[in-house]
Amino acid sequence: MIGRDDHERTEWLDEEAGPLVRAYALTRGRARPATQGEDFEMIAIIATVSTPAYATPGLGPEHMSILELCVRPRSVAEISAQLGLPLVVVRVLLGDLLSHRFIVVRRPQQEHQTVTEELLREVLHGLEAL
Amino acid sequence: MDSRRSNSSTGDARGAWGSSPRADAAADMPLAVKILIAGGFGVGKTTFVGAVSEIRPLQTEELLTERSVGVDDTSGVDRKTTTTVAMDFGRITIRDGLILYLFGTPGQDRFWFMWDELSHGALGAVVLADTRRLADSFPAVDYFEHRGLPFIIGVNRFDDGYDYTVEEIRDALDLSPHIPVVLCDARSRESAKQVLTSLVRFLLSSRDVEHPDASAVAGS
């Protein structure tokens, strides 16, 4: 038996490489999503609408983990928390997925001034009902 | 968390494997709103979030690359350091299709760029204050005032804290008279819930004041 656990832990990045190196390794050096005009705000909701039937070039295990998670729609912040990846990395990965149309995005309201009174009342009633 | 993941296959009725994207899918998806929970280090932000959240508070992080120049470094060469800024958050399902996220602001005030991102699109904020260290609330109060994001003060009552009156706290924080100050216990779900409802009522009442201006601008 080969020490499989040991093998898995022997990554080419050691601890000293730090979070930034790991982040850029996952995104292949990119700091911005490939998609223009979508900034994947922290509370933007992501849902998986399709998954690759076969291996797609440029999509790695982290991309697949996101698609798996977002079968049930969730926010960008939740994806980051649940996969333990920084937001900057998650956004790049989401950009890849969006350009392949594997996900859809529901954007939040842009500014608090545009929030409708109806929405605030709904939030109030929801909180009161807790 | 894991149980939710394994249950997620039950929501896979659409047979997503290899299916084509639905153009209208975004319309069926939940809308998310957020409220910020701010205040100084150790004031009970995460406790507050955990008290009302339907999930154990989660943590997201952002990487910040800072160009730091060593004061003692005579070579004058910049050294880039990477810092991780962590943010705790919780979730409340208001109704089917509407989710409220509660975000704790990073404890260190120097991460202002994260405050900008957090504030963007937020409904409003709760600034938690500790009567033993009221001055710790100043940066958050200043920030939201400058940003124009509506906020209220939640005074987290620690057992060994001073029993200031609401008026004394208002004076100490130099607050405008219209900003609500509510006493709370961040550990209590009921108390945290009341702080949040106070904030949303405040947001609704502020709208009534702002609305005539908005319509006047629109009509001109």
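Biologist: Across all chains, how many aromatic pairs does the count come to?
Modeller: This is a predicted model, in which local features need pLDDT of at least 70, side-chain atom pairs count only at pLDDT 80 or more, and totals for chains, interfaces and linings use all residues. Residues are numbered from 1 along each chain as its sequence is written, chains are lettered from A and ligands numbered from 1 in the order in which they are written, and side-chain values use heavy atoms, leaving out hydrogens and water. Rings of Phe, Tyr and Trp (its six-membered ring) pair if their centres lie within 6.5 Å; planes under 30 degrees apart count as stacked, over 60 as edge-to-face and the rest as tilted. By this rule, the count over all chains is nine.

Biologist: Let's take one pair: are the rings of Trp112(B) and Tyr143(B) stacked or edge-to-face?
Modeller: A pair of aromatic rings is described by the distance of the centres and the angle of the planes. Here the centres of Trp112(B) and Tyr143(B) are 5.3 Å apart. Their planes meet at 10°, so the pair is stacked.

Biologist: How many residues apart are Trp112(B) and Tyr143(B)?
Modeller: Helices (H or I, at least four residues) and strands (E, at least two) are DSSP runs, numbered from the N terminus. Trp112(B) is in helix H4 (residues 112-119) of chain B, while Tyr143(B) is in helix H5 (residues 138-147) of chain B. The pair links distant parts of the chain, and the separation in residues is 31.

Biologist: Which residues form one aromatic cluster with Trp112(B) and Tyr143(B)?
Modeller: The cluster takes in rings from Trp and Phe residues of chain B. Besides Trp112(B) and Tyr143(B), its members are Trp115(B), Phe144(B) and Phe151(B).

Biologist: Moving to chain A, at what angle do the axes of H3(A) and H5(A) cross?
Modeller: Two packed helices are described by the angle between their axes and the distance between the axes. Axes are lines fitted to C-alpha atoms, for helices over the stretch in contact, and angles run from 0 to 180 degrees between N-to-C directions. The axes of helix H3 (residues 61-69) of chain A and helix H5 (residues 87-99) of chain A come within 10 Å, and they cross at roughly 75°.

Biologist: Does that make H3(A) and H5(A) roughly parallel or roughly perpendicular?
Modeller: Angles under 35 degrees count as roughly parallel, over 145 as roughly antiparallel, 65 to 115 as roughly perpendicular and the rest as oblique. H3(A) and H5(A) are therefore roughly perpendicular.

Biologist: Which residues of H5(A) make the contact with H3(A)?
Modeller: On the H3(A) side, the contact is made by Glu62(A), His63(A), Ile66(A) and Leu67(A). On the H5(A) side, the residues are Leu93(A), Leu94(A), Asp96(A) and Leu97(A).

Biologist: What is the relative accessible area of Leu93(A)?
Modeller: Leu93(A) is found in helix H5 of chain A. Among the residues it touches, not counting those up to four places away in sequence, are Leu26(A) and Leu85(A). Leu93(A) is buried, with a relative accessible area of 1%.

Biologist: Phe40(A) and Arg101(A) both have a positive phi; which one counts as exposed?
Modeller: Phe40(A), with phi near 50°, lies in the loop between helix H2 (18-26) and strand S1 (45-48) of chain A. It counts as buried at 0% relative accessibility. At 59%, the exposed residue is Arg101(A).

Note on methods: Contact means heavy atoms within 4.5 Å. Buried means under 20% relative accessible area, exposed over 50%, partly exposed in between (1.4 Å probe, protein chains only).
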